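Okay, everyone, let's talk about pockets today. Have a look at the model on the screen and I'll walk you through it.

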Amino acid sequence: MPPRIQSQLVSGSFLPYVSPSTSTSSASSTCISKVTQSCSSRSFSSSPAAQTRLRNEMFSWLNGEGVALKQHTPGRTNYVSRLKGIGSNRPFPLNPNFVSEPILSEELRKEIYRRVVDRKQSVRAVSVDLGVDMRRVAAVVRLVELEKRWKQQGKSLALPYARAVHEMVPTTQLRSDMDARPHESINDLPVHRLTDPQIFYPVSESRQFTRMDAGRVFSAAPALPHEETAHSAANPAEAVSRITQNPSRIERVGKGADEHEVLQPADARIPHPHLVAHERQTLAKPNEHRENMKLYRERLQKEEKAEQERKSLAKLRAEQQTVRVQPDASRFEFRIKDVVVSRETTGPDGRGARAPGRRYGVPTYDRKKGQVKIPTRVEV
(Lines give C-alpha, C1' and ligand atoms only; values in the text may rest on other atoms or scores of the structure.)
Protein backbone atom coordinates (compact mmCIF):
# COMPACT_ATOMS: atom_id res chain seq x y z
CA MET A 1 0.00 0.00 0.00
CA PRO A 2 1.61 3.39 -1.03
CA PRO A 3 2.44 5.87 1.77
CA ARG A 4 0.10 8.74 2.37
CA ILE A 5 1.16 12.37 1.84
CA GLN A 6 1.81 14.18 5.09
CA SER A 7 -0.40 17.02 6.19
CA GLN A 8 1.31 20.11 4.83
CA LEU A 9 0.62 23.03 2.58
CA VAL A 10 1.09 22.67 -1.13
CA SER A 11 4.29 24.31 -2.30
CA GLY A 12 4.68 26.49 -5.29
CA SER A 13 6.31 23.72 -7.28
CA PHE A 14 2.86 22.17 -7.86
CA LEU A 15 1.44 25.30 -9.47
CA PRO A 16 2.30 24.37 -13.08
CA TYR A 17 0.39 21.09 -12.61
CA VAL A 18 -2.53 22.67 -10.81
CA SER A 19 -3.19 25.54 -13.23
CA PRO A 20 -5.29 24.68 -16.26
CA SER A 21 -3.10 26.67 -18.63
CA THR A 22 0.47 28.02 -18.87
CA SER A 23 -0.42 31.03 -20.94
CA THR A 24 1.27 34.34 -20.15
CA SER A 25 -1.88 36.35 -20.59
CA SER A 26 -3.29 38.43 -17.80
CA ALA A 27 -6.34 36.20 -17.56
CA SER A 28 -4.12 33.19 -16.94
CA SER A 29 -2.14 35.03 -14.29
CA THR A 30 -5.33 35.96 -12.49
CA CYS A 31 -6.48 32.31 -12.61
CA ILE A 32 -3.13 31.04 -11.26
CA SER A 33 -3.25 33.46 -8.37
CA LYS A 34 -6.77 32.30 -7.46
CA VAL A 35 -5.71 28.68 -7.58
CA THR A 36 -2.69 29.49 -5.41
CA GLN A 37 -4.84 31.10 -2.79
CA SER A 38 -7.32 28.18 -2.73
CA CYS A 39 -4.56 25.55 -2.57
CA SER A 40 -2.71 27.30 0.21
CA SER A 41 -5.79 27.10 2.41
CA ARG A 42 -6.42 23.34 1.88
CA SER A 43 -4.48 20.24 2.93
CA PHE A 44 -4.51 16.54 1.98
CA SER A 45 -6.25 14.14 4.36
CA SER A 46 -3.92 12.05 6.50
CA SER A 47 -6.56 10.07 8.45
CA PRO A 48 -6.04 6.25 8.30
CA ALA A 49 -8.41 4.26 6.10
CA ALA A 50 -11.04 1.98 7.69
CA GLN A 51 -9.51 -1.18 6.18
CA THR A 52 -6.19 -0.59 7.92
CA ARG A 53 -7.74 -1.47 11.26
CA LEU A 54 -9.23 -4.64 9.82
CA ARG A 55 -5.90 -5.64 8.30
CA ASN A 56 -4.21 -5.13 11.63
CA GLU A 57 -6.79 -7.33 13.30
CA MET A 58 -6.32 -9.99 10.61
CA PHE A 59 -2.54 -10.12 11.08
CA SER A 60 -2.88 -10.11 14.86
CA TRP A 61 -5.22 -13.13 14.62
CA LEU A 62 -2.87 -14.93 12.21
CA ASN A 63 0.05 -14.37 14.55
CA GLY A 64 -1.97 -15.35 17.61
CA GLU A 65 -4.85 -17.82 17.51
CA GLY A 66 -4.40 -18.67 13.83
CA VAL A 67 -0.87 -20.01 14.29
CA ALA A 68 -2.35 -23.44 15.07
CA LEU A 69 -3.80 -23.60 11.53
CA LYS A 70 -0.60 -22.68 9.69
CA GLN A 71 0.55 -26.31 9.44
CA HIS A 72 -2.10 -29.02 9.16
CA THR A 73 -1.88 -32.42 10.79
CA PRO A 74 -2.13 -35.25 8.20
CA GLY A 75 -5.36 -37.16 8.61
CA ARG A 76 -7.18 -34.30 10.35
CA THR A 77 -9.18 -31.39 9.01
CA ASN A 78 -7.68 -27.93 9.20
CA TYR A 79 -10.90 -25.92 9.67
CA VAL A 80 -11.33 -22.74 11.71
CA SER A 81 -14.26 -24.36 13.49
CA ARG A 82 -11.81 -26.67 15.26
CA LEU A 83 -10.57 -23.69 17.28
CA LYS A 84 -14.14 -22.69 18.13
CA GLY A 85 -15.06 -26.15 19.40
CA ILE A 86 -17.92 -26.50 16.89
CA GLY A 87 -16.82 -29.74 15.24
CA SER A 88 -14.15 -31.07 12.94
CA ASN A 89 -16.49 -31.47 9.93
CA ARG A 90 -17.96 -27.94 9.90
CA PRO A 91 -15.53 -25.61 8.11
CA PHE A 92 -17.57 -22.39 8.47
CA PRO A 93 -18.20 -21.21 12.07
CA LEU A 94 -20.95 -18.79 10.98
CA ASN A 95 -22.76 -21.55 9.06
CA PRO A 96 -22.98 -24.59 11.39
CA ASN A 97 -25.56 -26.24 9.09
CA PHE A 98 -22.93 -26.88 6.41
CA VAL A 99 -21.19 -30.22 6.96
CA SER A 100 -18.09 -31.31 5.06
CA GLU A 101 -18.86 -34.77 3.68
CA PRO A 102 -16.05 -37.37 3.75
CA ILE A 103 -14.47 -38.82 0.65
CA LEU A 104 -13.28 -42.35 -0.08
CA SER A 105 -9.80 -43.20 1.07
CA GLU A 106 -7.29 -44.68 -1.36
CA GLU A 107 -7.50 -48.10 0.33
CA LEU A 108 -11.29 -48.18 0.12
CA ARG A 109 -11.20 -47.10 -3.52
CA LYS A 110 -8.80 -49.91 -4.43
CA GLU A 111 -10.87 -52.43 -2.49
CA ILE A 112 -14.00 -51.46 -4.44
CA TYR A 113 -12.19 -51.96 -7.74
CA ARG A 114 -10.67 -55.25 -6.57
CA ARG A 115 -14.02 -56.69 -5.57
CA VAL A 116 -15.85 -55.67 -8.73
CA VAL A 117 -13.18 -56.45 -11.33
CA ASP A 118 -11.01 -59.15 -9.77
CA ARG A 119 -13.50 -61.02 -7.58
CA LYS A 120 -16.39 -60.53 -10.05
CA GLN A 121 -18.80 -59.35 -7.34
CA SER A 122 -21.86 -57.40 -8.34
CA VAL A 123 -22.09 -53.66 -7.80
CA ARG A 124 -25.10 -54.22 -5.56
CA ALA A 125 -23.26 -56.62 -3.26
CA VAL A 126 -20.20 -54.34 -2.99
CA SER A 127 -22.45 -51.39 -2.20
CA VAL A 128 -24.09 -53.25 0.68
CA ASP A 129 -20.85 -54.70 2.09
CA LEU A 130 -18.85 -51.44 2.06
CA GLY A 131 -21.67 -48.96 2.65
CA VAL A 132 -21.11 -47.01 -0.58
CA ASP A 133 -23.83 -45.97 -3.01
CA MET A 134 -24.09 -48.05 -6.17
CA ARG A 135 -23.56 -45.01 -8.38
CA ARG A 136 -20.36 -44.18 -6.53
CA VAL A 137 -19.16 -47.78 -6.82
CA ALA A 138 -19.66 -47.68 -10.59
CA ALA A 139 -17.91 -44.29 -10.80
CA VAL A 140 -14.93 -45.60 -8.83
CA VAL A 141 -14.55 -48.57 -11.18
CA ARG A 142 -14.73 -46.33 -14.25
CA LEU A 143 -12.19 -43.83 -12.87
CA VAL A 144 -9.73 -46.53 -11.83
CA GLU A 145 -10.00 -48.01 -15.31
CA LEU A 146 -9.27 -44.57 -16.75
CA GLU A 147 -6.32 -44.15 -14.40
CA LYS A 148 -4.82 -47.48 -15.48
CA ARG A 149 -5.32 -46.53 -19.11
CA TRP A 150 -3.51 -43.24 -18.61
CA LYS A 151 -0.60 -45.02 -16.95
CA GLN A 152 -0.30 -47.33 -19.93
CA GLN A 153 -0.31 -44.33 -22.27
CA GLY A 154 2.39 -42.61 -20.22
CA LYS A 155 0.25 -39.69 -19.08
CA SER A 156 1.07 -37.94 -15.82
CA LEU A 157 -1.32 -38.03 -12.86
CA ALA A 158 -1.93 -35.36 -10.24
CA LEU A 159 -0.87 -37.63 -7.39
CA PRO A 160 0.61 -34.89 -5.12
CA TYR A 161 -2.64 -32.95 -5.35
CA ALA A 162 -4.68 -36.06 -4.55
CA ARG A 163 -2.50 -36.87 -1.52
CA ALA A 164 -2.82 -33.30 -0.24
CA VAL A 165 -6.60 -33.37 -0.56
CA HIS A 166 -6.83 -36.71 1.24
CA GLU A 167 -4.75 -35.32 4.10
CA MET A 168 -6.86 -32.20 4.62
CA VAL A 169 -10.46 -33.41 4.24
CA PRO A 170 -12.33 -36.15 6.17
CA THR A 171 -12.02 -39.59 4.61
CA THR A 172 -13.74 -42.94 5.07
CA GLN A 173 -11.22 -45.66 5.84
CA LEU A 174 -11.52 -49.32 4.91
CA ARG A 175 -12.72 -51.40 7.85
CA SER A 176 -13.18 -55.13 8.18
CA ASP A 177 -15.82 -55.13 10.92
CA MET A 178 -19.45 -55.45 9.84
CA ASP A 179 -20.66 -52.80 12.30
CA ALA A 180 -18.54 -50.05 10.75
CA ARG A 181 -20.25 -46.79 9.94
CA PRO A 182 -21.20 -46.66 6.23
CA HIS A 183 -19.72 -44.01 4.00
CA GLU A 184 -23.17 -42.72 3.02
CA SER A 185 -26.80 -43.69 2.86
CA ILE A 186 -27.22 -46.38 0.21
CA ASN A 187 -30.98 -46.87 0.25
CA ASP A 188 -32.44 -43.40 -0.28
CA LEU A 189 -35.80 -43.25 -2.01
CA PRO A 190 -35.69 -41.11 -5.17
CA VAL A 191 -38.49 -38.60 -5.59
CA HIS A 192 -40.81 -39.57 -8.42
CA ARG A 193 -42.46 -36.93 -10.56
CA LEU A 194 -45.88 -38.50 -10.07
CA THR A 195 -45.71 -37.78 -6.34
CA ASP A 196 -45.38 -34.00 -6.80
CA PRO A 197 -49.10 -33.15 -6.73
CA GLN A 198 -51.13 -33.40 -3.54
CA ILE A 199 -54.13 -35.68 -3.97
CA PHE A 200 -57.11 -36.14 -1.64
CA TYR A 201 -58.44 -39.62 -2.28
CA PRO A 202 -61.46 -40.78 -0.24
CA VAL A 203 -61.21 -44.34 1.09
CA SER A 204 -63.70 -46.26 3.19
CA GLU A 205 -62.65 -47.03 6.75
CA SER A 206 -63.14 -50.76 6.27
CA ARG A 207 -60.61 -50.92 3.41
CA GLN A 208 -56.89 -51.45 3.93
CA PHE A 209 -55.09 -48.74 1.95
CA THR A 210 -51.48 -49.77 1.23
CA ARG A 211 -48.51 -48.23 -0.54
CA MET A 212 -49.40 -50.13 -3.68
CA ASP A 213 -52.85 -48.51 -3.67
CA ALA A 214 -51.26 -45.08 -3.17
CA GLY A 215 -48.99 -45.63 -6.18
CA ARG A 216 -51.95 -46.52 -8.37
CA VAL A 217 -53.76 -43.39 -7.23
CA PHE A 218 -50.78 -41.22 -8.15
CA SER A 219 -50.57 -42.98 -11.53
CA ALA A 220 -54.32 -42.55 -12.24
CA ALA A 221 -54.63 -46.33 -12.55
CA PRO A 222 -57.73 -48.30 -11.55
CA ALA A 223 -57.71 -49.93 -8.13
CA LEU A 224 -56.78 -53.59 -7.82
CA PRO A 225 -59.25 -56.21 -6.54
CA HIS A 226 -59.34 -56.60 -2.78
CA GLU A 227 -58.10 -60.18 -2.96
CA GLU A 228 -54.92 -59.22 -4.84
CA THR A 229 -54.27 -56.30 -2.51
CA ALA A 230 -54.70 -58.49 0.56
CA HIS A 231 -52.35 -61.14 -0.85
CA SER A 232 -49.63 -58.54 -1.54
CA ALA A 233 -50.03 -57.07 1.95
CA ALA A 234 -49.72 -60.51 3.54
CA ASN A 235 -46.55 -61.35 1.54
CA PRO A 236 -44.67 -58.07 0.98
CA ALA A 237 -41.32 -59.72 0.23
CA GLU A 238 -42.85 -61.87 -2.51
CA ALA A 239 -44.66 -58.88 -4.02
CA VAL A 240 -41.50 -56.80 -4.12
CA SER A 241 -39.46 -59.64 -5.64
CA ARG A 242 -42.08 -60.11 -8.34
CA ILE A 243 -41.68 -56.44 -9.30
CA THR A 244 -37.89 -56.16 -9.11
CA GLN A 245 -37.15 -59.42 -10.91
CA ASN A 246 -39.62 -58.75 -13.73
CA PRO A 247 -39.66 -54.99 -14.37
CA SER A 248 -40.87 -55.49 -17.94
CA ARG A 249 -44.19 -56.85 -16.62
CA ILE A 250 -45.06 -53.68 -14.74
CA GLU A 251 -48.46 -52.40 -15.78
CA ARG A 252 -48.55 -49.31 -18.00
CA VAL A 253 -51.31 -46.74 -18.22
CA GLY A 254 -51.96 -43.79 -20.50
CA LYS A 255 -51.87 -43.38 -24.25
CA GLY A 256 -49.26 -42.17 -26.71
CA ALA A 257 -46.63 -39.84 -25.28
CA ASP A 258 -48.42 -39.83 -21.91
CA GLU A 259 -48.00 -43.58 -21.41
CA HIS A 260 -46.05 -44.45 -18.26
CA GLU A 261 -45.58 -47.26 -15.78
CA VAL A 262 -47.70 -47.52 -12.68
CA LEU A 263 -45.90 -46.10 -9.67
CA GLN A 264 -44.62 -48.94 -7.55
CA PRO A 265 -44.43 -48.94 -3.72
CA ALA A 266 -41.39 -47.50 -1.99
CA ASP A 267 -40.14 -50.98 -1.02
CA ALA A 268 -39.65 -51.81 -4.71
CA ARG A 269 -38.21 -48.46 -5.86
CA ILE A 270 -35.32 -48.15 -3.40
CA PRO A 271 -31.85 -49.21 -4.65
CA HIS A 272 -31.66 -52.24 -2.31
CA PRO A 273 -35.17 -53.68 -1.82
CA HIS A 274 -33.79 -56.96 -0.49
CA LEU A 275 -32.55 -55.17 2.62
CA VAL A 276 -36.15 -54.45 3.65
CA ALA A 277 -37.03 -58.13 3.45
CA HIS A 278 -33.88 -58.96 5.44
CA GLU A 279 -34.84 -56.48 8.15
CA ARG A 280 -38.35 -57.94 8.38
CA GLN A 281 -36.87 -61.42 8.69
CA THR A 282 -34.47 -60.24 11.40
CA LEU A 283 -37.25 -58.63 13.41
CA ALA A 284 -39.43 -61.72 13.07
CA LYS A 285 -36.64 -64.14 14.11
CA PRO A 286 -33.97 -62.17 16.00
CA ASN A 287 -32.24 -65.27 17.43
CA GLU A 288 -31.65 -67.04 14.09
CA HIS A 289 -28.84 -64.96 12.67
CA ARG A 290 -27.33 -67.74 10.56
CA GLU A 291 -30.64 -68.63 8.94
CA ASN A 292 -31.43 -64.97 8.29
CA MET A 293 -28.09 -64.42 6.57
CA LYS A 294 -28.62 -67.55 4.47
CA LEU A 295 -31.99 -66.26 3.26
CA TYR A 296 -30.47 -62.86 2.63
CA ARG A 297 -27.74 -64.31 0.40
CA GLU A 298 -30.26 -66.43 -1.50
CA ARG A 299 -32.47 -63.40 -2.04
CA LEU A 300 -29.51 -61.36 -3.27
CA GLN A 301 -28.41 -64.13 -5.64
CA LYS A 302 -31.91 -64.29 -7.14
CA GLU A 303 -31.86 -60.54 -7.73
CA GLU A 304 -28.44 -60.69 -9.40
CA LYS A 305 -29.39 -63.70 -11.51
CA ALA A 306 -32.56 -62.02 -12.72
CA GLU A 307 -30.62 -58.87 -13.59
CA GLN A 308 -28.01 -60.84 -15.53
CA GLU A 309 -30.73 -62.65 -17.47
CA ARG A 310 -32.37 -59.35 -18.39
CA LYS A 311 -29.05 -57.97 -19.65
CA SER A 312 -28.31 -61.12 -21.63
CA LEU A 313 -31.73 -61.12 -23.26
CA ALA A 314 -31.46 -57.43 -24.13
CA LYS A 315 -28.01 -57.97 -25.66
CA LEU A 316 -29.22 -61.01 -27.62
CA ARG A 317 -32.25 -59.11 -28.86
CA ALA A 318 -30.04 -56.23 -30.03
CA GLU A 319 -27.71 -58.64 -31.83
CA GLN A 320 -30.63 -60.31 -33.61
CA GLN A 321 -31.91 -56.96 -34.82
CA THR A 322 -28.50 -55.87 -36.13
CA VAL A 323 -26.94 -57.03 -39.40
CA ARG A 324 -23.15 -56.77 -39.55
CA VAL A 325 -21.51 -56.26 -42.94
CA GLN A 326 -17.72 -56.11 -43.32
CA PRO A 327 -16.41 -55.74 -46.88
CA ASP A 328 -13.36 -57.69 -48.01
CA ALA A 329 -9.98 -56.11 -47.29
CA SER A 330 -11.62 -53.44 -45.16
CA ARG A 331 -11.10 -52.56 -41.53
CA PHE A 332 -14.56 -51.07 -41.15
CA GLU A 333 -17.72 -52.88 -40.14
CA PHE A 334 -21.18 -51.61 -41.01
CA ARG A 335 -24.00 -52.33 -38.59
CA ILE A 336 -27.44 -52.12 -40.13
CA LYS A 337 -30.60 -52.15 -38.06
CA ASP A 338 -34.18 -52.18 -39.25
CA VAL A 339 -36.26 -49.33 -37.88
CA VAL A 340 -39.94 -48.50 -37.84
CA VAL A 341 -41.10 -44.94 -38.35
CA SER A 342 -44.71 -44.56 -37.35
CA ARG A 343 -46.91 -42.39 -35.23
CA GLU A 344 -46.28 -44.67 -32.26
CA THR A 345 -42.52 -44.14 -32.45
CA THR A 346 -42.33 -40.51 -33.57
CA GLY A 347 -45.20 -39.25 -31.44
CA PRO A 348 -47.70 -36.54 -32.34
CA ASP A 349 -44.95 -33.91 -32.73
CA GLY A 350 -42.53 -36.10 -34.69
CA ARG A 351 -39.77 -35.88 -32.08
CA GLY A 352 -40.23 -39.18 -30.28
CA ALA A 353 -37.15 -40.70 -28.69
CA ARG A 354 -37.95 -44.18 -30.03
CA ALA A 355 -37.84 -43.04 -33.65
CA PRO A 356 -34.60 -42.89 -35.66
CA GLY A 357 -33.10 -39.73 -37.05
CA ARG A 358 -33.06 -37.55 -33.97
CA ARG A 359 -29.25 -37.69 -33.90
CA TYR A 360 -28.68 -37.19 -37.62
CA GLY A 361 -26.69 -34.08 -38.48
CA VAL A 362 -25.43 -33.56 -34.92
CA PRO A 363 -21.62 -33.11 -34.78
CA THR A 364 -19.51 -35.13 -32.42
CA TYR A 365 -18.69 -33.59 -29.04
CA ASP A 366 -15.65 -35.73 -28.22
CA ARG A 367 -13.28 -32.77 -28.27
CA LYS A 368 -15.63 -30.22 -26.74
CA LYS A 369 -15.00 -28.90 -23.24
CA GLY A 370 -17.33 -29.98 -20.47
CA GLN A 371 -18.30 -33.27 -22.10
CA VAL A 372 -17.99 -36.61 -20.32
CA LYS A 373 -14.91 -38.36 -21.71
CA ILE A 374 -14.49 -41.11 -19.12
CA PRO A 375 -15.76 -44.62 -19.90
CA THR A 376 -19.42 -44.96 -18.98
CA ARG A 377 -19.44 -48.75 -18.90
CA VAL A 378 -17.11 -51.45 -17.65
CA GLU A 379 -17.72 -55.02 -18.76
CA VAL A 380 -17.11 -57.31 -15.76
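Quick word on labels: helices (H or I, at least four residues) and strands (E, at least two) are DSSP runs, numbered from the N terminus. This is a predicted model, so to speak plainly about limits: local features need pLDDT of at least 70, side-chain atom pairs count only at pLDDT 80 or more, and totals for chains, interfaces and linings use all residues. Numbering starts from 1 along each chain as its sequence is written, and side-chain values use heavy atoms, with hydrogens and water left out.

By pocket I mean an open set of points on a 1 Å grid over the protein atoms alone, where a 1.4 Å probe fits, with protein on both sides within 12 Å along at least five of seven lines; lining residues have an atom within 4 Å of a point. Volume is the space filled by probe spheres set on the points, which are joined across faces, edges and corners.

So, the largest pocket: about 1,600 Å³. Its lining has 49 residues, and Leu130, Gly131, Ala180, Arg181 and Pro182 are the closest to the centre. H14 (289–320) is among the elements that supply at least two lining residues, and H14 gives the largest share, eight.
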